[in-house]
Amino acid sequence: MARLLLIEDDPAIRGSLLRALRERGHAVAASPAAMDGLQTALAERPDLIVLDLGLPDLDGRELLRMLRAVSRIPVIIATARDEETEMVRLLDAGADDYVVKPFTAAQLDARIRAVLRRGAGPVGSPVLTVGGLSIDAGARTVTLDGAPVELSPREFDLLHHLAQRPGQVVTKRDLLSEVWQVPYGGADKTVDVHLSWLRRKLGETAQEPRYLHTVRGVGVRLSEPA
């Protein structure tokens, strides 16, 4: 059972999802507006938030930004906006997944379970080590030469995915599919931006790489420093 917070202003949709998710064993609280939802999220610390974008007092994108400034609670966006650029923008802003309206309760429940599985990390998963990098999937922590490295959830997922394939070139299309859960191309820039942020936190640059090596026209490789 997960503790969920549903931030949705439409009373019919809110009521229907409340009933359906509770029937599936979840404990669900609901808020009809952005600021009420933010207060509830900070007070109750749910396991996951389902966030509608079209809220009466504040756009859901702005609420997502506010949430990400103070919390790493997983967020699934529920939206009628199905444009690729909008989806990528939301994922870059810190959303963990999205579901496009109209959707079924079963579809949303499957997304919730998938996001929570990713956040928990594999049970009994080993700590991955690449040179001086240590990535603990269970604790979602990273150290570099013994010093902690503070990463965003998406940066951690990106590094962990590469660390599972040390020395292998991983394409941007694969990264979009596996890390961002976007099964189509055309959004390579979002990978480039996150790689740039990750390099900065690892103390390197694309021109002088230590761990993250770009293979032009193919993808990126994580490997031990020479």
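## A buried aspartate

Asp109 is buried, with a relative accessible area of 8% (buried means under 20%, exposed over 50%, and partly exposed in between, using a 1.4 Å probe and protein chains only). Asp109 belongs to helix H5, residues 105–120. Helices (H or I, at least four residues) and strands (E, at least two) are DSSP runs numbered from the N terminus. Leaving aside residues up to four places away in sequence, Asp109 touches Arg24 and His26, where contact means heavy atoms within 4.5 Å.

## About the model

This is a predicted model, in which local features need pLDDT of at least 70 and side-chain atom pairs count only at pLDDT 80 or more, while totals for chains, interfaces and linings use all residues. Residues are numbered from 1 along each chain as its sequence is written, and side-chain values use heavy atoms, with hydrogens and water left out.

Let us turn to a pair of strands. Strand E4 (residues 75–79) and strand E5 (residues 97–100) run parallel and are joined by four bridges; strands pair if DSSP finds at least two bridges between them. Thr79 has Val100 in E5 as its bridge partner. From E4 the chain passes through helix H4 (residues 84–92) to E5, a right-handed β-α-β crossover. Right-handed here means that, with the strands pointing away from the viewer, the path from the first strand over the helix to the second runs clockwise.

The peptide bond from Lys101 to Pro102 is cis, with omega near -5 degrees.

## Two helices side by side

The axes of helix H2 (residues 34–44) and helix H3 (residues 60–70) come within 11 Å and cross at roughly 20 degrees. H2 is therefore roughly parallel to H3, as angles under 35 degrees count as roughly parallel, over 145 as roughly antiparallel, 65 to 115 as roughly perpendicular and the rest as oblique. On the H2 side, the contact is made by Ala34, Met35, Leu38, Ala41 and Leu42, and on the H3 side by Leu63, Met66, Leu67 and Val70.

## Positive phi in two loops

Arg140 is in the loop between strand E7 (133–136) and strand E8 (141–144). Its phi is near 55 degrees, a positive value in a residue other than glycine, and Arg140 is partly exposed at 25% relative accessible area.

Asp145, in the loop between E8 and strand E9 (147–148), is not a glycine either, yet has a positive phi of about 55 degrees. Asp145 counts as exposed, at 56% relative accessibility.

Key. Axes fitted to C-alpha atoms, helices over the stretch in contact; angles between N-to-C directions.
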